Amino acid sequence: MSLASFSPRVGAHASVVARGNTRRAGGHGKAHTIRAKHAHKQHRNITKLPAVSVDGEEVYEEDVDYSGNLCMFLDSASEEEWQKWLPSGIFTGVTTNPIILERDNRECSVETLTELAKQALEYDAVQEFQVQTWGTTSDEMWKNGVALASYDKDVIVVKVPGTFEGIKAANALVADGIRVTITAAYASHQAVLAAAVGANYVAPYLGRMNDAGRDGFGVVVEMQKTADKLDSDMRILVASVRNVQDIAKLAAEGCDTFTVSAQIADQMFADPLTTQAAADFEAAAERIGAYAAPEPEETEDKGEGKGDE
């Protein structure tokens with residue numbers, strides 16, 4: 001069905017074109033979305049410092065956020081992987097797409113994905129569930145995206161490919177107050193497109209860019225600089241991460257949002273020197289009595305309540 005022939009439905013908007021016009025009439029997407037830059041603060045390790053007293057007067061009081069703007073996502077639809085990693089507190093959300101669903105033997109349907117979202121959001125640290133819409137036209141992607149987000153617009157983020165039809169669908173979803181990720185980004189200018197429609201995230205595929213002979217690292221850094229220079233709250237969600245060194249290097253360049261597989265999560269805890277140091281600490285603790293059974297306390301029997309034998 002073409003955009004031009006898409007007919008109005010009861011209780012719904014007429015088309016992607018209509019939604020785009022509504023959005024532009026109302027202003028830029030910043031007014032219509034929950035800005036992702038600060039959306040994860042509620043569960044972070046924020047400490048309120050006491051007021052400092054100088055000459056008997058309280059001078060200041062401030063909050064300290066030890067996590068900064070960092071957000072890590074687990075790229076998985078596997079319940080087994082969720083059970084291992086989501087209780088760790090490392091991950092603020094879960095990302096999926098149809099390829100991941102197929103790998104993890106999940107059905108690609110609104111009902112299945114809604115149930116997955118409910119399960120993921122039961123973990124205390126998880127604040128967001130990203131799920132990809134589908135369709136060959138912008139209208140199809142928009143309609144499926146609306147259905148996917150209907151569970152809870154505050155916690156569901158709809159992923160849309162950065163094609164022309166996908167950008168039109170994203171524009172319409174943003175107009176409906178739905179949070180959006182522009183996914184499958186392979187070039188720095190796609191961050192500009194994502195910002196133009198008010199997307200909350202753009203997801204460059206680091207590893208796949210490198211596989212194609214492109215400078216994946218350089219593209220991601222340029223995207224981050226673009227978002228910063230535009231004063232955009234859009235996050236650069238680095239995907240297709242192949243090794244932990246890339247995470248550290250990109251974080252040093254100001255990138256603060258990553259989605260990683262369970263295999264990369266394992267790599268983050270695979271440093272042999274750390275493992276050996278922990279074992280050495282335990283061995284020393286055992287040698288100096290940490291695991292010794294406590295001495296039983298002696299009780300004095302005064303023979304209370306006993307008569308003469």
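How many helices and strands does the protein have? The protein has 12 helices and 12 strands, where helices (H or I, at least four residues) and strands (E, at least two) are DSSP runs numbered from the N terminus. This is a predicted model, in which local features need pLDDT of at least 70 and side-chain atom pairs count only at pLDDT 80 or more, while totals for chains, interfaces and linings use all residues. Residues are numbered from 1 along each chain as its sequence is written, and side-chain values use heavy atoms, with hydrogens and water left out.

**Overall picture**

Of the 309 residues of the protein, 43% count as buried. Buried means under 20% relative accessible area, exposed over 50%, and partly exposed in between, with a 1.4 Å probe and protein chains only. A contact means heavy atoms within 4.5 Å. Among contacts between residues at least 6 apart in sequence, 60% join residues at least 24 apart.

**The barrel**

A closed barrel of 8 strands runs β5-β6-β7-β8-β9-β10-β11-β12, with parallel pairing. The twist averages 25° from one strand to the next. Two strands pair if DSSP finds at least two bridges between them. In general, strands of a sheet pair through backbone hydrogen bonds, either parallel or antiparallel.

Strand β7 shows the pairing in detail. Its pairing with β6 is parallel, over 3 bridges, and 4 bridges join β7 to β8, again in parallel. Some of the residues facing each other are listed here.

| Residue | Opposite residue |
|---|---|
| G93 | E128 in β7 |

Is β7 mostly covered or mostly uncovered? It is mostly covered, as 5 of its 5 residues are buried. E128, Q130 and Q132 point one way from β7, whereas F129 and V131 point the other way.

**Helices around the strands**

Helix α4 (residues 110-120) has the buried residues L113, T114, L116, A117 and A120. Seen down the axis of α4, these fall within an arc of 160°, so they line one face of the helix. The arc is that of the directions from the helix axis to the C-beta atoms. In general, an α-helix has 3.6 residues a turn, so residues three or four places apart point the same way. The buried residues of α4 pack against α2 (79-85), β6 (93-95), α3 (98-103), β7 (128-132), α5 (138-149) and β8 (156-161).

Helix α6 (residues 164-175) lies across β8 and β9 (179-185), and runs at about 155° to β8. Axes are lines fitted to C-alpha atoms, for helices over the stretch in contact, and angles run from 0 to 180 degrees between N-to-C directions.

**Aromatic pairs and cysteines**

The structure holds 4 aromatic pairs. Rings of Phe, Tyr and Trp (its six-membered ring) pair if their centres lie within 6.5 Å; planes under 30 degrees apart count as stacked, over 60 as edge-to-face and the rest as tilted. One of the pairs is F73 with Y201, edge-to-face at 6.0 Å centre to centre and 85° between the planes. This pair links distant parts of the chain, with F73 in strand β5 (residues 71-75) and Y201 in strand β10 (residues 201-204), 128 residues apart. Both F73 and Y201 are buried.

A disulfide is a pair of cysteine sulfur atoms within 2.5 Å, and the count comes to 0 disulfides. C71 is buried, with a relative accessible area of 1%, and C255 is buried at 3%.
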